[in-house]
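Please look at the structure before reading the points below.

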Amino acid sequence: MKKILILFSHPKFEKSRANSALIERIKDKEGVTLHDLYERYPDFHIDVTAEKELLNQHDVIIWHHPLYWYSCPPLMKQWIDMVLEFNWAYGPEGNALQDKTCLNVITTGGSKEMYCSEGVNSFSVNQFLRPFEQTAKLCGMKYLPPFAVMGTHRLNDEDLEDYANQYSKLIVLLQDEISLKELKLATFLNDLPKLKTS
Ligand SMILES: Cc1cc2nc3c(=O)[nH]c(=O)nc-3n(C[C@H](O)[C@H](O)[C@H](O)COP(=O)(O)O)c2cc1C
């Protein structure tokens with residue numbers, strides 16, 4: 001079974017609806033390490049050695065966060081800046097993350113319709129996530145399409161429960177020795193037939 005590390009970043013988790021529903025559903029799953037960055041590093045002083053050790057111990061790395069100004073909250077960026085060091089994560093001798101799997105799990109206030117060339121946000125979510133995609137690729141990781149919960153303000157508890165169940169199924173899928181080819185073709189991992197809630 002592949003080991004999954006969830007790097008979770010939410011500056012106001014105590015007020016969260018969407019992410020708290022997602023996290024609640026997967027936090028105790030076997031083979032999953034939930035790493036709450038704001039809880040662990042409220043002062044932003046990241047223990048780089050400990051983070052590298054955690055990465056070494058896992059096969060699948062998930063950047064899980066709400067979309068803030070079309071990107072991630074600042075502590076996640078700090079984590080990327082501090083932990084993904086030259087000649088460790090990338091560079092001529094940097095192969096520590098080689099062949100691991102990586103993806104973003106995000107929640108957005110804006111609905112799917114807002115994220116297109118005719119919509120208010122002009123670009124798709126996948127386009128906004130390009131810096132994450134390229135970061136993962138530079139580090140030799142296999143980057144998958146995102147799992148996204150969109151239009152969060154309009155979702156009721158039942159909708160959120162459905163998304164939480166999908167996230168749980170996605171975790172199981174990622175733990176299996178599945179072929180990533182099929183997953184790479186999706187725009188959103190939510191679209192995978194295997195994740196549909198009955
Ligand atoms: C500082 C800030 C920036 C935000 N930026 C965006 C954004 O760029 N795009 C978007 O769709 N929603 C944006 N939102 C809305 C959040 O993504 C949304 O409230 C969150 O995903 C809901 O999850 P939660 O219930 O777990 O907090 C922003 C919210 C805050 C507080």
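A polar contact is a pair of N or O atoms within 3.5 Å. An oxygen atom of the ligand and a polar backbone atom of Y70 are 2.8 Å apart, so this pair falls within that cut-off. The model is predicted.

**Ligand site**

- The ligand is surrounded by 17 residues.
- The closest of these residues are S16, N19, W69, T107 and Y115.
- R17 has a backbone N or O atom that lies 2.8 Å from an oxygen atom of the ligand.
- For G110, a polar backbone atom is 2.8 Å from an oxygen atom of the ligand.

**Helices α1 and α7**

- Two packed helices are described by the angle between their axes and the distance between the axes.
- Helix α1 spans residues 18-26 and helix α7 spans residues 157-175.
- Their axes come within 8 Å and cross at roughly 45°.
- The helices α1 and α7 are therefore oblique to each other.
- Their crossing is right-handed.
- On the α1 side, the contact involves A18, A21, L22, R25 and I26.
- On the α7 side, these residues meet L160, E161, Y163, A164, N165, Y167, S168 and I171.
- By class, the residues of this contact between α1 and α7 are nine nonpolar, two polar and two charged.

**Helices α3 and α4**

- Helix α3 covers residues 48-56, and helix α4 covers residues 74-83.
- The axes of α3 and α4 are 10 Å apart, and the helices pack at an angle of about 90°.
- This angle makes α3 roughly perpendicular to α4, because angles of 65 to 115 degrees count as roughly perpendicular.
- From α3, the residues V48, E51, K52 and L55 take part in the contact.
- From α4, the contact is made by W79, M82 and V83.
- The contact of α3 with α4 has five nonpolar residues, two charged residues and no polar ones.

Technical notes:
Residues numbered from 1 in each chain as written. Predicted model: local features only at pLDDT ≥ 70, side-chain atom pairs only at ≥ 80, totals over all residues. Heavy atoms only, no water. Axes fitted to C-alpha atoms, helices over the stretch in contact; angles between N-to-C directions. Helix = DSSP H or I, 4+ residues; strand = E, 2+ residues; numbered from the N terminus. Parallel < 35°, antiparallel > 145°, perpendicular 65-115°, else oblique. Left-handed = near helix turned anticlockwise from the far one by under 90°. Contact = heavy atoms within 4.5 Å. Nonpolar A, V, L, I, M, F, W, Y, C, P; charged D, E, K, R; others polar. Near = heavy atom within 4 Å. Polar contact = N/O pair within 3.5 Å; in protein donor to acceptor, adjacent residues only side chain to side chain.
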